[in-house]
Amino acid sequence: MTATQMNAEILRNMSIIAEDENLLKRVAKYLRKLVAEKQDTSLMTEEEFFAKIERAEKQPGKSFANVDDLDKYIRSL
């Protein structure tokens with residue numbers, strides 16, 4: 001299906017939905033959610049996620065003698 005065909009289908013469906021206020025509210029809520037996901041740069045693919053874990057595992061870790069040292073370190077970041 002081409003982008004033009006998808007746009008036509010969406011517009012046909014919207015003309016039906018536009019007659020029902022409750023459906024319009026649901027569609028608007030879902031569209032806001034989709035836009036938020038699109039704009040969320042923290043989302044990543046499964047491949048990106050596991051690659052990030054592999055990179056982190058290769059880095060040397062830090063250890064702390066107690067919670068206060070950990071707290072000081074975190075606050076210094």
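## Confidence first

pLDDT is the predictor's confidence in each residue, on a scale from 0 to 100. For this protein the mean pLDDT is 89, and 100% of the residues reach 70 or more. Confidence is highest in helix α1 (residues 3-17), at 92, and lowest in α2, at a mean of 89.

What you're looking at is a predicted model, where local features need pLDDT of at least 70, side-chain atom pairs count only at pLDDT 80 or more, and totals for chains, interfaces and linings use all residues. Residues are numbered from 1 along each chain as its sequence is written, and side-chain values use heavy atoms, with hydrogens and water left out.

## Helix α2

Helices here are DSSP runs of H or I with at least four residues, numbered from the N terminus.

## Two aromatic pairs

Rings of Phe, Tyr and Trp (its six-membered ring) pair if their centres lie within 6.5 Å; planes under 30 degrees apart are stacked, over 60 edge-to-face, and the rest tilted. The structure holds two such pairs. Phe49 and Phe50 sit edge-to-face, 5.2 Å centre to centre with 75° between the planes. Phe64 and Tyr73 are tilted, at 5.3 Å and 40°.

Methods. Helices (H or I, at least four residues) and strands (E, at least two) are DSSP runs, numbered from the N terminus.
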